[in-house]
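Visitor: I am new to reading structures. Can you show me how to read salt bridges?

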Amino acid sequence: MSVRVRFAPSPTGYLHIGGVRTALFNRLWARKTGGAFVLRIEDTDQERSTAESVRVILDSLGWLGLTWDEGPGVGGPRGPYTQMDRLVLYKEHAEKLIGSGKAYRCYCTKEDLDAQRAALKARDPKSSFKYPRTCRDRKDAPDRPFVVRFKTPDAGSVTYIDKVFGEIATPNDSQQDFVLLRSDGVPLYNFGAVVDDVAMGITLVARGRDHMVNTPPQILLYEALEAQVPEFAHLPMMLAPSGEKLSKRHAAVSVSDYRDQGYAPAAILNYLARFGWSHGDQEVFSLAELTAAFDWEHCNRSDGKFDAKKFLAINHEHLKTPRLTSDKAYAVALLPFLIARGLNVEPEAAERAVALVRERATTFADAADRLDFLFRETPVFDAAAVAKFLQPSHAPLLRELADIVAGAPTWTVASLEVAVQAWLAGKGLAMKDVAQPARVALTGRTASPGLFEVIEALGKTATLGRLRAAATASEVQT
C-alpha cells in the first residue's frame, strides 16, 4: 500500500512551529517513500476558526517549502479538504455506527450533565466525571436535540505499536462513551479525524505526543467502521526552557515571526527536524538531505527544550554556507529587508553585496542592517562613533587615505590593501591608527565588513567623497 500521511491543523490562530515540525516529519516520510502528503483543514471550532488563519497556514507552509500533494489550493480526488465542507460524510458514518449498534443517540442536556458533574465534585472533589451511560440502552426516540455517542467496549484493551514509543496498551474500561457528533451535526475531534483519515486513505498518523490520549478511542473507531487502522508515530513535545509548553510567553513561536525576523525557511526546517530526531553528529542539513536521511527509528522519546541560541546558530550556518543558500537566493530573501529600510536596491546589486555579510550576518534582517551604509548616498552616523573617531586629529589621516586609495593601480581589495599598508609603513603607523576613523567615515559605525571590502564595494567616487567629507566634518568637532 502506498504511504499516505497528513497534516491537519486547526485554523484558530498563527501556525506554531511545533505544528510545522509535525508537517515536516510527515512530508519527509512521504517524499522518502514516494507517498502522498495531504493537507487537511480541521475547522470545526467555528468560534475560533477564521479564513485569515487558513490563509496564514497556507502561506506559511508555502513559504517554508512544505508543499502538499492534496489539499486546499491543490485539490485532489478525496476532497473537500476542509472539515466544515464534509458534514454530510460525518452524519452518514454516525448513522452507520448507530445502525450497527456501535453508537447511540444521547438526549442528556448540558444542564443535566453539569448538575451530575457538580454533584460528583461535591461528594468527592478529587474525582473525575465519567458519562454514566444514561442513554446507552435507551429504546425511545423523542423529538429532542441529541448528540451521538460511541458505545465503548466494556472489556479488553487497545494495543498498538507506536513507531517512536513502541507498544502502547490502554484498557477499554478507562475510556467513556465519548461524543462523536454534536447536536448541530459538527463532529468532535476524534470522530472527524478518523472519518477523514479513512476517507482519505491515510496509512500513517504522525503527530505530537500530546495526542497519544486520542489514539485508543480513534483505534476503536477505525475498528467499529471496519476500516484499516493506520500506523501511528507520536513525536516528543517541544517545551520552553522552563519545561512548560512552548508559547509566545517564552519565545517567538509562529512561522510569521521568524519570517519577519529574517530566518531562512530551510534553517527553520533544519532546526525543527533536529528537535526530536538525530542523524549521527550531523547538525546542518538541506531539505533534500533531511529527506534522504529521515527515519522513525532515530526519533527521540524524551521531550526537548527550545533553544533560541541554537536556532539562531543553525540559521547562521545556512546563511553563510553557499551550498545551502546561494548568492542569488540570499539576495532574493535579503531584498525585502533592504526595501523595508527605505533603500532602493536592484537585485543584482544586492547579490553583489552578499559576500560582504555572509560570514557575520545571523539573519537576513541583520544582513540588511549591516549593508545599510552601502545603499545610501550618505551613511547614517552613530553619534558615539563620530564623537570618538572623527576628531580634528583624524582629518589629515582621512584626507591622506583618500589620496592613497585614489592612486591605487586597480580598485580591488588586494591592490587597495597593498597601497594603504605601504603608506602606513612609510608614516610609521599601524592599521589600527586609521581603521576605525575610516570605517566610521565610510559606514557611519564602528562595526562593518572588512575595511578594504567596504572600499571596494562602495566604489571610487563614493569612497573618496565620504573620506573627504568626514575629514572636513572632523575639523569642526569640539
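Predicted model: local features only at pLDDT ≥ 70, side-chain atom pairs only at ≥ 80, totals over all residues.

Guide: R341 and D372 form a salt bridge, with their closest N and O atoms 2.9 Å apart. This pair links distant parts of the chain, 31 residues apart. R341 sits in the loop between α11 (327-340) and α12 (347-357), and D372 in the loop between α13 (364-371) and α14 (383-389).

Visitor: Are R341 and D372 buried or exposed?

Guide: Compare each relative accessibility with the cut-offs: under 20% is buried, over 50% is exposed, and in between is partly exposed. R341 has 32%, so it counts as partly exposed. D372 has 4%, so it is buried.

Visitor: Which parts do R40 and D197 tie together?

Guide: First, the contact: their side chains meet in a salt bridge, 2.9 Å from N to O. R40 lies in the loop between β2 (36-39) and α2 (51-64), and D197 in helix α5 (residues 189-199), so the bridge ties together parts 157 residues apart in sequence. Both R40 and D197 are buried.

Visitor: What separates E52 and R55 in helix α2?

Guide: About one helical turn, because they are three residues apart in that helix. The side chains of E52 and R55 meet in a salt bridge of 2.4 Å, N to O. E52 is partly exposed at 45%. R55 is partly exposed too, at 41%.

Visitor: Which residues are linked in a network of salt bridges?

Guide: R6, R40, E42, R86, D196 and D197 are.

Visitor: How many salt bridges does the count come to?

Guide: The count is 36.

Definitions and conventions: Residues numbered from 1 in each chain as written. Heavy atoms only, no water. Salt bridge = Lys/Arg side-chain N within 4 Å of Asp/Glu carboxyl O. Helix = DSSP H or I, 4+ residues; strand = E, 2+ residues; numbered from the N terminus. Buried < 20%, exposed > 50% of the residue type's maximum accessible area, 1.4 Å probe, protein only.
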